[in-house]
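Hi,

Here is the structure I promised to pass on to you.

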Amino acid sequence: NYGRLYHHIEGVKPYKELLDVFGKNLIIKGKWLDLGSGSGGVIDLLKKNTQGSDFKIIASDFDPGFLKQLNDRFKGENNIEVQELNICDKISFQDNEFDGITANLVLPYIIHYAENTGVKAFKEIMKEIFRILKPGGQFVWSSPKKGVKFWKVFIASRGKVFGFDNKEQLFYGPALLRQASKIQDKGKRNIYHFLDIDELNKLLSDIGFVDIKFSKSMAKQVNVINCKKPLTIIEL
């Protein structure tokens, strides 16, 4: 049900601002993977930031509705491939396969990965992302902040989400707010993993990521994290 509503978020000002921050200093070359592509907003962003025609972008999701949206949206795009991928399962990509990986508002919602659960599952998927990135590869992702207040996002979106210019808006605005409230509650109960900046920095550094940078967006309720896999891996 959420999947049928999600594409409406792309039209609101806070989400557009999030994508602007997400795409800052992003140069797409080689092979890129987007985890949890949803309705495809990040894929469009990656496509706009490509240099030349020698690139490949893999859009991925596990939800049938999102996969249909992605296939319809990028039909005929030879450089974009849509794959069914459930990131709660063990990732099958090869070591050092991707020049870059993106994941917008998806990774903190992972509550199990392979045989791991809770925060351990979250850490394990981060390790897998590190593994499949090429040395020097870029990892850009986002997460609601600790203590997120999604109602602030909706106040900032009121002109679009709660507008009265068509009947559809009268339905999807409150429906999206209800869904966001459920997500926020699960974050408070530590079902989802909304970590603060210090916790995120330590987690990423312990795995081996470098050049870790944080930005705030979406009415200051979302952290955008940009980091890299080092060119040389030092074995401890």
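Below is what I found, starting with the whole protein and ending with a single residue.

First, some ground rules. This is a predicted model, so to speak of local features we need pLDDT of at least 70, side-chain atom pairs count only at pLDDT 80 or more, and totals for chains, interfaces and linings use all residues. Residues are numbered from 1 along each chain as its sequence is written, and side-chain values use heavy atoms, with hydrogens and water left out.

The big picture: the protein has nine helices and nine strands. These are DSSP runs numbered from the N terminus (helices are H or I, at least four residues; strands are E, at least two). Of its 236 residues, 48% count as buried; buried means under 20% relative accessible area, exposed over 50%, and partly exposed in between (1.4 Å probe, protein chains only). Among contacts (heavy atoms within 4.5 Å) with a separation of 6 or more, 69% are between residues 24 or more positions apart.

Now the inside. In soluble globular proteins, nonpolar side chains tend to be buried together. A nonpolar core here is a set of buried Ala, Val, Leu, Ile, Met, Phe, Trp, Tyr and Cys residues joined through side-chain atoms within 4.5 Å. The largest one has 34 residues, and Leu107, Phe139, Trp141 and Phe209 touch the most other members. Two or more residues each come from β4 (98–103), α5 (118–132), β7 (133–144), α9 (197–207) and β9 (222–228). The largest share, seven residues, is from α5. Leaving aside residues up to four places away in sequence, Leu107 touches Leu35, Ile87, Phe122, Ile125, Met126, Ile129, Phe139 and Trp141. Apart from this core lies another, of 33 residues, including Leu26 and Ile183.

Next, helix α2 (residues 13–22). Its buried residues are Pro14, Tyr15, Leu18, Leu19 and Phe22. They sit on the same side of α2, because they cover an arc of only 140° around the axis (taken from the directions from the helix axis to the C-beta atoms). On the other side of α2, Lys13 and Asp20 are exposed.

Last, find Asn96, in the loop between β3 (80–84) and β4. Is Asn96 buried, exposed or partly exposed? Asn96 is partly exposed, with a relative accessible area of 36%. Asn96 and Arg131 are 35 residues apart in sequence, and their C-alpha atoms are 6.3 Å apart in space.

Cheers
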